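The sequence and the structure come first, and the notes follow by topic.

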Amino acid sequence: MSIIVRRAEPGDYEGVQKIFAGPKAVWGTMQLPFPSIENWRKRLSEPPEGSFSLLACEENEIVGQLGLHTFPNHPRRRHVGQIGMAVRDDWQGKGVGTALMQAAIDLADKWLNLSRLELEVYTDNESAVRLYKKFDFVIEGTLVRFAFRDGQYVDAYEMARLRK
Ligand SMILES: CC(C)(COP(=O)(O)OP(=O)(O)OC[C@H]1O[C@@H](n2cnc3c(N)ncnc32)[C@H](O)[C@@H]1OP(=O)(O)O)[C@@H](O)C(=O)NCCC(=O)NCCS
């Protein structure tokens, strides 16, 4: 398996929509079922300033996505990046998430000079929490009834990685 990580381009919208059409990807993220291809087309063609969308590809097939959101217009939050990610359902547990997170941390540490990376993760999302802990994210607190998921409220951890 050879995973390549690259920047998302506007034409990648169908591959990205496929990731978020997977039930496991919906379960673990803030996305809704039945993602719209058109919404993803717009999102990739007009990314907000300071937003970096990375894709993991295996032989030109898009198998994972990571968004790193920064705050170029908020002087006091310029050191912060917020992360959200998903791996296509049939590719989870094969190291794709690890490759994406490594690329995002390299970008944040070595090029963007971000010293705090933060994210929210549902407390029952074991594989995600394990991935984040592997990269030195720590749990800072629990957000109670953070979101509604499949008929129930679910708590989330606020996790952050402070660059040493
Ligand atoms: C969470 C997610 C991004 C992880 O990506 P991945 O490609 O599956 O992760 P990797 O294969 O790189 O493995 C990361 C760690 O999780 C562990 N892991 C993988 N699948 C697991 C599972 N089903 N249960 C427990 N741990 C698991 C691996 O062992 C690995 O830890 P290790 O290197 O110490 O062994 C991916 O599973 C995913 O997209 N899930 C659905 C959407 C989601 O939850 N997004 C995160 C939002 S906060």
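Are Glu118 and Arg116 buried or exposed? Both Glu118 and Arg116 are buried, where buried means under 20% relative accessible area, exposed over 50% and partly exposed in between, with a 1.4 Å probe and protein chains only. The model is predicted, with local features needing pLDDT of at least 70 and side-chain atom pairs counting only at pLDDT 80 or more, while totals for chains, interfaces and linings use all residues. Residues are numbered from 1 along each chain as its sequence is written, and side-chain values use heavy atoms, with hydrogens and water left out.

**Salt bridges**

- Eleven salt bridges are counted, each defined as a side-chain nitrogen of Lys or Arg within 4 Å of a carboxyl oxygen of Asp or Glu.
- Arg116 and Glu118 form one of them, with their closest N and O atoms 2.8 Å apart.
- Asp124 pairs with Arg149 in a salt bridge whose closest N and O atoms are 2.7 Å apart; this pair links distant parts of the chain, since Asp124 is in the loop between β5 (116–122) and α5 (126–134) and Arg149 is in strand β6 (residues 138–149), 25 residues apart.
- Asp124 is partly exposed at a relative accessible area of 35%, whereas Arg149, at 15% relative accessibility, counts as buried.
- Through shared partners, salt bridges join Arg77, Arg116, Glu118 and Glu140 into one network.
- The side chains of Arg88 and Glu61 also meet in a salt bridge, at 3.0 Å from N to O; Arg88 lies in the loop between β4 (80–87) and α4 and Glu61 in strand β3 (residues 61–70), so the pair ties together parts that are 27 residues apart in sequence.

**Ligand site**

- The ligand is surrounded by 23 residues, the closest being Val87, Gly95, Thr98, Asn125 and Lys134; a residue counts here if one of its heavy atoms lies within 4 Å of the ligand.
- A nitrogen atom of the ligand is 2.9 Å from a polar backbone atom of Met85, and an oxygen atom of the ligand lies 2.6 Å from a backbone N or O atom of Val87.
- A polar side-chain atom of Asn125 lies 2.7 Å from an oxygen atom of the ligand.

**Helix α4**

- Helix α4 (residues 96–110) has 15 residues and reaches 21 Å from its first C-alpha to its last, close to the 21 Å expected at 1.5 Å a residue.
- Val96, Gly97, Leu100, Met101, Ala104, Ile105 and Ala108 are buried in α4; seen down the helix axis, the buried residues of α4 fall within an arc of 160 degrees, so they line one face of the helix.

Technical notes. Helix = DSSP H or I, 4+ residues; strand = E, 2+ residues; numbered from the N terminus. Expected span 1.5 Å × (residues − 1). Arc of directions from axis to C-beta. Polar contact = N/O pair within 3.5 Å; in protein donor to acceptor, adjacent residues only side chain to side chain.
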